[in-house]
Amino acid sequence: MAGETPKKRVAIFGSTGSIGTQALEVVRANPGLFEIEILTAHTNDELLITQALEFKPNAVVVVNEKKYDNVKAALASTAIKVFCGEKALEEVADFDTYDVMIAAIVGFAGLKPTLKAVSKGKIIALANKETLVVAGDIVMQMALENRAPIIPVDSEHSAIFQCLVGEGRNPIERIILTASGGPFLGKKPNFLVNVKRDHALQHPNWSMGAKITIDSATLMNKGLEMIEAKWLFNLQPSQIEVVIHPQSIIHSMVQFEDGSIKAQMGLPDMKLPIQYALGFPNRIKNDFPRLNFRKYPALNFEEPDTKTFRNLGLAIEALQKGGNTACVLNAANEIAVWAFLKNRIGFLDITAVVEKTMAEIPFVAKPTLQEYFESDGEARNFAASLMKL
Ligand code: NAD
Ligand code: MG
């Protein structure tokens, strides 16, 4: 019962983002279950300060060093320790004083602090899918060796995780990842070529950070999620399917060896998978809006159009090829999405940059962590040179 068990001490890496702020809402609503130990942000010092004053963590990190003085001054009358710089993320991840890390930094930048937490055997509530896309084999092996449970926050993976509870050793035959299709479902290249940043940032069902919103519009997000699923659930590429489901009510499904399929459903709200990961194995009562089936007379399913949304095809290629391919794909995509968000390249150029970078960077079959970092760097440099950044 709440109150009898010690509170879980939570470290939110990326507390100022979409996942981070929603995680804080969950913590705020459950003061008897959770307390905040660490908060980190990249640049948004004002929000970090507000969060720190409310949740009174032991430590905060602001990665952007120019923001340090402001954060330090604002928290001077408190006991909160203030750190800055990229290295500090790993230093605070090394603390003994937290139980669960919410890995909610976006992109490759989340990998090092998450690895540190895994090496300490912490519970990882993993939103940062790029961690597994880049170095899934190493992360999962390290998690096994250090008994660090990795509980997915990504809604599809949380759905699969929830479907697997109680299944013991029953093997998975296949998983079916659902995809909303994003804002450009049904569109063709002659439309996509003219798509602008602001249009691509309007997702029909989910409100998320900029990078994942663009990834959802290009379907790269679903490709990254296939790779994430492979590592999380130890699957072969042939066991992972994607189906477009525009209503985002079924969050994903698992088919077992008897042909039975389990689905996890609900209204699209990231607070639910965040809360599930934080509370696992317990479900926490809440007052989120409930799904009313009468308001959804039809749930639709269709094949993804990988001819138009070629990023998904490229990610499937990376999933099948293995080695450093997904790391290269991810790095090129991060740079290309960044350039698109700065209006430096067009929507379809994102795919061209990823494809050319994948063709250029030498294949490494079984990379070490160091080699993953090198592949990431090489891919970023090459992608940037393509776009003359
Ligand atoms: P966001 O852009 O809203 O927030 C990112 C957070 O990371 C911010 O707190 C920011 O300060 C921090 N950050 C950014 N760059 C950093 C860097 N270089 N070093 C350290 N910190 C940095 O992103 P988000 O939408 O919250 O997504 C976070 C992660 O969760 C992503 O990997 C995304 O794919 C995943 N995810 C998000 C959602 C969602 O609904 N938003 C759903 C599923 C998975
Ligand atoms: Mg998802």
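This is a predicted model: local features need pLDDT of at least 70, side-chain atom pairs count only at pLDDT 80 or more; totals for chains, interfaces and linings use all residues.
I sorted the shell around ligand 1 by class and got 12 nonpolar, 8 polar and 3 charged residues. For my sorting, Ala, Val, Leu, Ile, Met, Phe, Trp, Tyr, Cys and Pro count as nonpolar, Asp, Glu, Lys and Arg as charged, and the others, Gly among them, as polar.

Residues are numbered from 1 along each chain as its sequence is written, chains are lettered from A and ligands numbered from 1 in the order in which they are written, and side-chain values use heavy atoms, with hydrogens and water left out.

Next I looked up who surrounds ligand 1: 23 residues, with Thr 16, Ser 18, His 42, Glu 130 and Gly 209 the closest. To be near, a residue needs a heavy atom within 4 Å.

Where does ligand 1 lie? It lies between domain 1 (8-152) and domain 2 (157-268 + 289-321), because both give residues to its shell. The domain bounds come from an automatic or database assignment.

Then I checked backbone N or O atoms against oxygen atoms of ligand 1: His 42 has one at 2.8 Å, and Gly 14 has one at 3.2 Å. Taken alone, ligand 1 exposes 830 Å², and the protein buries 86% of that (Shrake-Rupley method, 1.4 Å probe).

Last stop, the magnesium ion (ligand 2): Asp 154 (OD), Glu 156 (OE) and Glu 225 (OE) coordinate it at 2.1 to 2.2 Å. Donors are N, O and S atoms within 2.8 Å of the metal (3.2 Å for Na, K and Ca); water is not among the atoms, so sites may look incomplete. Along the chain, the donors follow the spacing D-x1-E-x68-E.

Note on methods: A polar contact is a pair of N or O atoms within 3.5 Å; within protein, one must be able to donate a hydrogen and the other to accept it, and residues adjacent in sequence count only if both atoms are side-chain atoms.
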